[in-house]
Amino acid sequence: MKKLMTNIFYYGSSLVLVSLLLIVWEVGARIYDKAYILPSPSGILVKLWELRQVLFYVHLPATLQIVVIGLGISMIVGGGLAIFMNRSSFTERTFFPLVIASQTIPIIALAPIFVLWFGYSIWSKVAVTVLITFFPITVSTFDGLRSTSKELQDLLLTMGASKRQLFFKVQVPSALPYFYSGLKVAVTLSVIGAAIGEWLGASKGLGYFSRRMMTQMDGAGVFAPIVLLSMMGICLFLLVKVFENISIKWRNK
Amino acid sequence: MKKKDKSHSHSHLAFDHVSFSYKHSDKFTSVFDNINLTIHEKEFVTILGPSGAGKSTFFRLASGLEQPESGHIRLRDKEERHRLGKIGYMPQQDLLLPWRTVLENGLLPLEIKGMNKKEAREKVLHHMKKFGLLGTEDHYPHQLSGGMRQRVSFLRAILGGNEILLLDEPFSALDSMTRYMMQEWLLEQWHEWDKTIIFITHDVEEAIFLSDRVLMLTHPPIKGEIDEVNVPISRPRNEEHRSDAAFMKLKQDLLKKMRSKERSL
């Protein structure tokens, strides 16, 4: 509890700024008085409350499922690709350009193709999420593996370590902080990926719901699921941070 | 000291006509050209030389990280190409794994050798007691002072269980007070553990204070026999020996020799 108070105090300036922005928005929206274009923050909150059943029990779980599956696949694919590229300069030369090229594809343009391939199932949205999130994980894990100290590796070799031991005892722990940096970026992007996927073809999910409200000219209804999406991103980010602090606890001592 | 009777001791590590050069973009720079040297069992030998004198190349060859281009490296009179894991190494920077506690760092060589976890733990704790490191087992390296970290690094080298230890300028980053203390501490440990120690340094005084014999390296390429000087100062040694007339004279001689070698290049 005391820690919470310290934290609130620590981020006090940020809280003040956010409150100020909200007040300006609220006042502005009331003066403008066209809720279908600019809903007020209080209007959005009311809408969130009204729609709580369908938002929290139908759409939020749908999007969360996409995000979690997408991130899971990205961690495996991204981590695996980083390890594979780190094996030799040949594999790096072969795969790195492809990894970068994958990021120059405008995903919005590609997403409809995913719908063609995977239909309206969850997998078309997962594919969009993976395409966006594997990149930061791959690149940062790869950098982490490469940053492993040569001296430390030599030291373990003089102890008679095998390649496998070198990997698990030096390379993995060295790359871990980098992996977490990549994951933190990926987590925030994952929410965007899932929302884009849902926009282009879905029957449930926060992104889908927001778009449906748009067609009904319900401004507050557009914003309410977006607020939830944003909250989801923040919560996932904090969750990663918790895991990071647990697995890299030596840094905090 | 009974064990320092070198006239009867056996060769522990020997370089026999060893040549080695580094390759930089198709250009070979020779470091060693047909060198010979012998380190005896239980001996404390220092390799003295300025930076860039091929000291670390010597270490990489001895430890097995590099192989000679020609010639042989022998362990106990037998040619040995697979030296990795057979010679303990204590590096210049302590190179403790920052994500492991002191205890876990000590466990590292035992884990690599595949020792049973419980047994390994007991062994490390037993050694930590002897090293005066009890109470720090759950600390992370960055919580320790420089001198303490070097102790842990030495502990780790001892726990590797090898009879030859290569110490690569282990005290060069410490302040001079701590360095003096660590030198005396190292001599005590050497008497205790019965190891052959090869110590690299660029500090003449450190070389004399610690060793039975000093091998001198200057700029590469280094050819043939390595110049050496015996240190006829009695053991156990302590702080007072540093101001002995014999000690001072030896220091002057060594400095003179190193300088004339530099000039003759």
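Among the elements of chain A, which has the lowest mean pLDDT and which the highest?

Author: The model is predicted: local features need pLDDT of at least 70, side-chain atom pairs count only at pLDDT 80 or more, totals for chains, interfaces and linings use all residues, and side-chain values use heavy atoms, with hydrogens and water left out. Residues are numbered from 1 along each chain as its sequence is written, while chains are lettered from A and ligands numbered from 1 in the order in which they are written.

Within chain A, the lowest mean pLDDT, 81, belongs to helix α1 (residues 2-10), and the highest, 94, to helix α4. The pLDDT is the predictor's confidence in each residue, from 0 to 100. Averaged over chain A, the pLDDT is 90, and 99% of the residues score at least 70. Chain A contains 11 helices and zero strands; helices (H or I, at least four residues) and strands (E, at least two) are DSSP runs, numbered from the N terminus. The C-alpha atoms of chain A fill a box of roughly 75 × 55 × 30 Å, taken along the principal axes.

The helix with the highest mean pLDDT in chain A, α4(A), spans residues 52-87 and packs on helix α11 (residues 219-247) of chain A at an angle of about 45 degrees, with the two axes 11 Å apart. Axes are lines fitted to C-alpha atoms, for helices over the stretch in contact, and angles run from 0 to 180 degrees between N-to-C directions. The angle makes α4(A) oblique to α11(A); under 35 degrees counts as roughly parallel, over 145 as roughly antiparallel, 65 to 115 as roughly perpendicular and the rest as oblique. The crossing of these two helices, α4(A) and α11(A), is right-handed, the near helix being turned clockwise from the far one by less than a right angle.

On the α4(A) side, the residues in contact (heavy atoms within 4.5 Å) are A:Leu55, A:Phe56, A:Leu60, A:Thr63, A:Leu64 and A:Val67. Their partners in α11(A) are A:Ala224, A:Pro225, A:Leu228, A:Leu229, A:Met232 and A:Leu236. By class, the contact of α4(A) with α11(A) comprises 11 nonpolar residues, one polar and no charged; Ala, Val, Leu, Ile, Met, Phe, Trp, Tyr, Cys and Pro count as nonpolar, Asp, Glu, Lys and Arg as charged, and the others, Gly among them, as polar.

Beyond this pair lies the boundary with chain B. Chain A contributes 19 residues to the contact and chain B contributes 24 residues. The two chains bury about 2000 Å² between them, 70% of it on carbon and sulfur atoms; buried area is the accessible area (1.4 Å probe) that two parts lose on being put together, summed over both. A:Thr158, A:Met159 and A:Trp250 supply 35% of the area that chain A buries against chain B, more than any other three residues. From chain B, B:Leu65 is in contact with A:Asp154, A:Leu157 and A:Thr158, and also with B:Arg60 and B:Leu84, leaving aside its neighbours within four places in sequence. B:Leu65 itself is placed in the loop between α1 (55-63) and β4 (70-75) of chain B.

Chain B averages a pLDDT of 86, with 96% of the residues at 70 or above. Its confidence is lowest in strand β10 (residues 222-225), at a mean of 82, and highest in helix α2(B), at 93. Over residues 1-8 of chain B the pLDDT is below 50, and beyond near neighbours in sequence this stretch has 11 contacts in the model.

Helix α2 (residues 102-112) of chain B crosses helix α4 (residues 146-159) of chain B at roughly 25 degrees, and their axes come within 8 Å. The helices α2(B) and α4(B) are therefore roughly parallel to each other, and their crossing is right-handed. In this contact B:Val102, B:Asn105, B:Gly106, B:Leu108, B:Pro109 and B:Leu110 of α2(B) meet B:Val152, B:Arg156 and B:Leu159 of α4(B). These residues divide into six nonpolar, two polar and one charged.

Helix α3 (residues 117-130) of chain B also packs with α4(B), the axes coming within 11 Å and crossing at roughly 130 degrees; α3(B) and α4(B) are therefore oblique to each other. Here B:Lys123, B:Val124, B:His127 and B:Met128 of α3(B) meet B:Leu155, B:Ile158 and B:Leu159 of α4(B).

Two backbone details in chain B complete the account. B:Lys42, in the loop between β2 (27-40) and β3 (44-48), has a positive phi of about 60 degrees although it is not a glycine. The peptide bond from B:Arg235 to B:Pro236 is cis, with omega near -5 degrees, and B:Pro236 lies in the loop between β11 (227-230) and α7 (245-263) of chain B.
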